[in-house]
Amino acid sequence: MAVEELREKVAYLQGLVNGLGINTASNEGRMLNEIIGVLAQVAQAMGELKQEQEQLREHLESLDEDLYDLEDEVYEERAAGDKEEEAEEDYVEVECPDCHETVCFASDVLDDEGVVEVTCPKCGTVVFTTEVEDTLEETEEEKVAGQEPAERVRG
Ligand SMILES: [Zn+2]
């Protein structure tokens, strides 16, 4: 029952007590008045509860909207971060120590078993190798050591 309806009914009962000419000095009359008074208090308490509930609901809705916005932002950032990470993961960039050509290669070749050598497409110098370095000339080794694959940025 809506609170307004309850209030109306209580008001109607109060009017009825007067309209029926009930003797409010009698025990029954006093009892009726007391009951109607309690009903009026119940109606008022319900009205207050309803008001508080309404405020809570509004507050919850605004929280919900804020959370929704926040989720949007977080997911967008995360999606952007994923793309960045993918790009970083797919290719490793090294600079050729001889001709300074930037050489890109798929990073998954490094997962292959055995020795992986990446050579510069321009001059043929080995720009990256997974081979243990003692077979390389020392100058080559130093250069290679200084040419670690680009640092990966993780989100
Ligand atoms: Zn080169």
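**Fold, strand pairing and core of the predicted model**

The protein contains 3 helices and 4 strands. Along the sequence these elements are arranged in the order α-α-β-β-β-β-α. The structure is a predicted model, with an average pLDDT of 83 across the protein. A pLDDT of at least 70 is reached by 81% of the residues.

Helix H1 covers residues 3–19, a run of 17 residues. The distance from the first C-alpha of H1 to the last is 24 Å, close to the 24 Å expected at 1.5 Å a residue. Just after H1, glycine 21 adopts a positive phi of about 65 degrees.

Strands E1 (residues 91–95) and E2 (residues 102–106) run antiparallel and are joined by 5 bridges. Within this pairing, tyrosine 91 lies opposite alanine 106 of E2, and glutamate 95 lies opposite threonine 102 of E2. The two strands, E1 and E2, make up a hairpin in which 6 residues separate them. Histidine 100, located in the turn of this hairpin, has a positive phi of about 60 degrees.

Of the 155 residues in the protein, 5% are buried. The largest nonpolar core consists of 6 residues, namely Cys96, Val103, Val118, Cys120, Val127 and Phe128. Val103, one of these core residues, falls within the range of strand E2, residues 102–106. When residues up to four places away in sequence are left out, valine 103 touches Val94, Cys96, Val118, Cys120, Pro121 and Val127. Among these neighbours of valine 103 are Cys96, Val118, Cys120 and Val127, which also belong to the largest nonpolar core. Val94, another residue touched by valine 103, falls within the range of strand E1, residues 91–95.

Contacts were also considered by their separation along the chain. Among contacts between residues at least 6 apart in sequence, 40% join residues at least 24 apart.

Notes:
Residues numbered from 1 in each chain as written. Predicted model: local features only at pLDDT ≥ 70, side-chain atom pairs only at ≥ 80, totals over all residues. Core = buried A, V, L, I, M, F, W, Y, C linked by C-beta atoms within 7 Å. Buried ≥ 20, exposed ≤ 12 C-beta atoms within 10 Å, placed from the backbone. Contact = placed C-beta atoms within 7 Å. Pairing = 2+ DSSP bridges. Expected span 1.5 Å × (residues − 1). pLDDT = per-residue confidence, 0-100.
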